[in-house]
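Hello,

Here is the structure I promised to pass on. Please open it first, then read my notes below.

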Amino acid sequence: MSTLHRIAVLALPGVPPFELGIPSRVFGSAEDAEGGPLYEVTVCTADGAPVLSDAGFTVQPAAGPEALAAADTVIVPPTHAMPELSRGGPLPPEVRAAIAGIRPGTRLVSICSGSYVLAAAGLLDGRPATTHWNLAPEFRRAYPEVKVDDEVLFVDDGDVLTSAGVAAGVDLCLHMIRRDHGAAAANRAARMCVVPPWRDGGQAQFIDRPVPEPTLAGTSATRAWALEHLAEPLTLGRLAEHARMSLRSFTRRFREEVGMTPVQWLTAQRLELAKQLLETTDLPIDLVAHRAGIGSGNSLRAHMRTTFGISPAAYRRAFGTGAAPG
């Protein structure tokens, strides 16, 4: 019997209950094909004592800092009780000591402004990260060493992962399940949580901007149509024609709604389809590339190495149910 992956969730004073509950809910819904659990989630505090949430009730932890030291993954939800962190101030001594006790090589994760805690501990210096879009300017001033990207839902930098505001924590947890155990396990967990297994676009779609003219059509119908025709040549002109817009209007509206260009979005969707085919079929790499609309096997290899740092054959060996030469 395999050992469960141990996740410690650090509850700090002023923690929002929703974000605190995300890891337990999502990872607790992750099961293998036989229905067995894949993760063990423990909520802990820096000193083992209860903490007051920002909703006014007390959180009784299951453990203290020893859970952080034993964890394979440590997740830090936000805190609304440490305003000094927004100015680049120091962590409270007990929090700094608890984080210092985390074993080297442990995967570190933040949800929303939990990124402030990781940054204050110096764990994000020189690394890409994200946080809630509304906090990004403040975060950049407080932690200039961090490479902040405020247009994405989450950033996966290998052993350090950060997510944007609130529900983006769900997206990141599902991504981690997908990374650890494949798309099938992530999809099962998403169904149990009644959430989509993957959300298109990034934070740009949630940032407050002037509302587009109501006479303009949206691009959602064209996006839905494109997902059904990924194997076909989908030029920008063809997409704009389907949306009954000029190229310029379509490109502008698409970016307003999705937070990326049509070409970027198409590439992301095709790579997701290719990953699903690699995981669930034994199709040759060239045929996977063709069905995903990426062209040749060499093109798929180049895209996957650039985007995910792994070849299609290696990805299939890690996450697939079948095998085929790559």
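Start with Thr162. This residue counts as buried because its relative accessibility is 1% (buried means under 20% relative accessible area, exposed over 50%, partly exposed in between, with a 1.4 Å probe and protein chains only). One caution: this is a predicted model, so local features need pLDDT of at least 70 and side-chain atom pairs count only at pLDDT 80 or more, while totals for chains, interfaces and linings use all residues. Residues are numbered from 1 along each chain as its sequence is written, and side-chain values use heavy atoms, leaving out hydrogens and water.

Thr162 is found in strand E10. Strands (E, at least two residues) and helices (H or I, at least four) are DSSP runs, numbered from the N terminus. What does the side chain of Thr162 reach? It reaches the backbone nitrogen of Thr130, at 2.9 Å.

Six strands form an open sheet with mixed pairing, in the order E2-E1-E5-E6-E10-E9. Two strands pair if DSSP finds at least two bridges between them. Strands E2 (39-44) and E9 (154-156) stand at the edges with a single partner strand each, so one side of each has no neighbour in the sheet. On average, neighbouring strands are turned by 15° against each other, direction ignored. Axes are lines fitted to C-alpha atoms, for helices over the stretch in contact, and angles run from 0 to 180 degrees between N-to-C directions.

E5 (residues 73-76) and E6 (residues 107-110) pair in the parallel sense over 4 bridges. Val74 has Leu108 as its bridge partner in E6.

Two helices to look at here:
- Helix H1 (residues 17-28) packs on the sheet, touching E1, E2 and E5, and its direction makes about 160° with that of E2.
- Helix H6 (residues 168-181) packs on the sheet too, touching E2, E5, E6, E9 and E10, and its direction makes about 150° with that of E10.

Last, helix H11. Glu272 lies in this helix. Is Glu272 buried or exposed? At 12% relative accessibility, Glu272 counts as buried. Trp198 and Phe308 are touched by Glu272, not counting residues up to four places away in sequence.

Best wishes

Terms used
Contact = heavy atoms within 4.5 Å. Polar contact = N/O pair within 3.5 Å; in protein donor to acceptor, adjacent residues only side chain to side chain.
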